[in-house]
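User: I would like to go through this structure with you before planning my next steps. Could you start with one of the sheets and then move on to whatever I ask about?

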Protein chains: 2
Amino acid sequence: MSVLVVGSVAVDTIETPFGKVESVLGGSAVYFSLAASLFSRVRLVGVVGEDFPPEYRQLLEGRPIDLDGLTVAHGRTFRWEGVYRGQMNEAETRQVQLNVFEDFRPVVPDAYKDSEFVFLANASPHTQLYVRRQVPAARFVMADTMNLWIKMERPALIELLRNVDALILNDAEARQLSGDDNLLRAARWVCEQGPGCCVIKKAEHGALLMGPEGVFVLPGFPTENVIDPTGAGDSFAGGLMGYAAASGDPTPKVLRKALAYGTVMAAFAIEDFATVGLCGISRRHIEQRLKEFIRATHLT
Amino acid sequence: MSVLVVGSVAVDTIETPFGKVESVLGGSAVYFSLAASLFSRVRLVGVVGEDFPPEYRQLLEGRPIDLDGLTVAHGRTFRWEGVYRGQMNEAETRQVQLNVFEDFRPVVPDAYKDSEFVFLANASPHTQLYVRRQVPAARFVMADTMNLWIKMERPALIELLRNVDALILNDAEARQLSGDDNLLRAARWVCEQGPGCCVIKKAEHGALLMGPEGVFVLPGFPTENVIDPTGAGDSFAGGLMGYAAASGDPTPKVLRKALAYGTVMAAFAIEDFATVGLCGISRRHIEQRLKEFIRATHLT
């Protein structure tokens, strides 16, 4: 079963203590698609400018990623420049040029409208609701969000929560949204607003899944090799949703395993610059990593 | 097999967002002993003043905790007063009166000298080395430490590391000691200084064990009910060392399971004020909690 993603496609410049890459492929929909496409077919809805490098399009086309929903608009592609320092917990944004992404009103192509698994990458909740209404038959819709929308667009975000099946956000955002410092209560609060499911990402500390069967927690993938955290969250969501879509049914058991696949995909993403860590891997590498992860985190 | 602990016995006053308790039983050796005594016999070496309430002594005596090593010195018992706010990540110390603890030169009674499992609770590394030399036949010695000693007594701490089998410390301390932001590399660095084993405590995010068989990570026990974090680290160490001592052999497999028991004991400790959460529980409650923990953190 394929998974639909609506989000940003970007050209990034990233600096970390380990080096710098300029004008490389990035964006939430890209990281998500690269990760998810290792599990199931992906349908991408996004926008780029006329300057979008053809080799970046080819990179995506070389995978099971459908680009019929990728609009080319008049103008330049969304550009982001960021730097990570020290423990690399958070990016410091040096520059953002929204460009063609600023006026993006995502249109889901007719051929995508039967999508059962949908990921609404971080965007204004108004935009996310606009997309949600275009896929009324979807079975499992997960939305991402961020501090800006929690602060500035709270009513629309609460409305969105009544119309999706899962919210994914980081720990600080979960505390901000719920007003509760305890992450379990925060996740439960989110679930009570409408979605039956909430995923809280805790960066190196792993992730928490709250659902109808209670809480499930996994540590982060233990790695000594953190090069560039860009896209970790979207790669995590890609692994999670890609596996869930491939399984066909988002049962609690499937979602638990999906959380582990998300963890593994995030680890691949951060072990090299930008999308490099997600390229050149196969499902065999993923299964091997999952085994390593279970060995390092499960009592036998 | 019994476990020997050398550390503080204190009278604490604690305030958290959930209330305040005054002049209650506390101290690293106390939390450790209460947790460890649910798994194996404990031998406690510490010091109290003449003001130490008899009912606190009785509380300890009511468990398999040997108090022959608890000296009563002329003066008052060590007193600590602290407050936790917000996410309760760190205590803000309001007052410390070292009192009789200030000149404490721990003497291991002859009857304890055959102890095979030893926990050197947080103290100056000089004091810890002094104790270490009194139990030359010990098989598994674990030491705790803190930021103060890492900064002020680094050479003695490095010397200590050459003479123990495991170091336990929190994430910030591990980064400070090793000079490495990555916790896996930090733990490996510690192991290379002498101990074959390093345990890094990450508070609500769980714990990491580095040993000859590589890394093992567990998340924290997912709980909505955090009342007072005092003693969580020592209760964790108590569960860990108590289980290891009971098993008789600190193999990698035993230490992994011991990490889980430590996690469970820390959860009991923080769910009520001071030592209350560690009292009134039995091994049956612990096994039940361990099952809950595995259900909430392990893929099946």
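**Sheets, helices and a buried residue**

Analyst: In this predicted model, chain B has an open sheet of four strands in the order E3-E2-E6-E7, and the pairing is mixed.

User: Which strands stand at the edges of that sheet?

Analyst: The edges are strand E3 (19–26) and strand E7 (92–97) of chain B. Each has a single partner strand, so one side of each is left without a neighbour in the sheet. Neighbouring strands of this sheet are turned by 15° against each other on average, with direction ignored.

User: In which sense do E2 and E3 of chain B pair, parallel or antiparallel?

Analyst: Strand E2 (residues 10–16) of chain B pairs with E3(B) in the antiparallel sense, over six bridges. Within this pairing, Asp12(B) stands opposite Val24(B) of E3(B).

User: What holds strands together in general?

Analyst: Strands of a sheet pair through backbone hydrogen bonds, in either a parallel or an antiparallel manner.

User: Let us switch to chain A. How many helices and strands does it have?

Analyst: Chain A has 10 helices and 13 strands. Its C-alpha atoms fill a box of roughly 50 × 40 × 35 Å along the principal axes.

User: What does the radius of gyration of chain A agree with?

Analyst: It agrees with a compact globule: for 300 residues such a globule would have a radius of gyration near 19 Å, and chain A has 18 Å. Of the 300 residues, 54% count as buried. Among the contacts in chain A with a separation of 6 or more, 66% come from residues 24 or more positions apart.

User: Why is strand E4 of chain A described as largely enclosed?

Analyst: Seven of the seven residues of E4(A) (residues 42–48) are buried, so this strand is largely enclosed by the rest of the structure. Val42(A), Leu44(A), Gly46(A) and Val48(A) point one way, whereas Arg43(A), Val45(A) and Val47(A) point the other way, and all are buried.

User: And which strands does E4(A) pair with?

Analyst: Strand E1 (residues 3–6) of chain A runs parallel to E4(A) and is joined to it by four bridges; Val5(A) has Leu44(A) of E4(A) as its bridge partner. Strand E5 (residues 65–72) of chain A also runs parallel to E4(A), with six bridges between them, and there Val48(A) is the bridge partner of Val72(A).

User: Now a helix. Which residues of H5 in chain A are buried?

Analyst: The buried residues of helix H5 (residues 154–161) are Leu157(A), Leu160(A) and Leu161(A). They lie on the same side of H5(A), because they cover an arc of only 100° around the axis. An α-helix has 3.6 residues a turn, so residues three or four places apart point the same way.

User: What covers that side?

Analyst: The cover over the buried residues of H5(A) includes helices H3 (125–132), H4 (147–152) and H7 (183–192), along with strands E9 (140–144) and E10 (166–170), of chain A.

User: Last topic: where is Met265(A), and is it buried or exposed?

Analyst: Met265(A) sits in helix H9 (residues 252–270) of chain A. It is buried, because 33 other C-beta atoms lie within 10 Å and the cut-off for a buried residue is 20 or more.

User: What does Met265(A) touch?

Analyst: Leaving aside residues up to four places away in sequence, Met265(A) touches Ala35(A), Ser235(A), Phe236(A), Gly238(A) and Gly239(A).

Conventions
Residues numbered from 1 in each chain as written. Chains lettered and ligands numbered in written order. Predicted model: local features only at pLDDT ≥ 70, side-chain atom pairs only at ≥ 80, totals over all residues. Helix = DSSP H or I, 4+ residues; strand = E, 2+ residues; numbered from the N terminus. Buried ≥ 20, exposed ≤ 12 C-beta atoms within 10 Å, placed from the backbone. Contact = placed C-beta atoms within 7 Å. Rg over C-alpha atoms; globule rule 2.2 N^0.38 Å. Arc of directions from axis to C-beta. Pairing = 2+ DSSP bridges. Axes fitted to C-alpha atoms, helices over the stretch in contact; angles between N-to-C directions.
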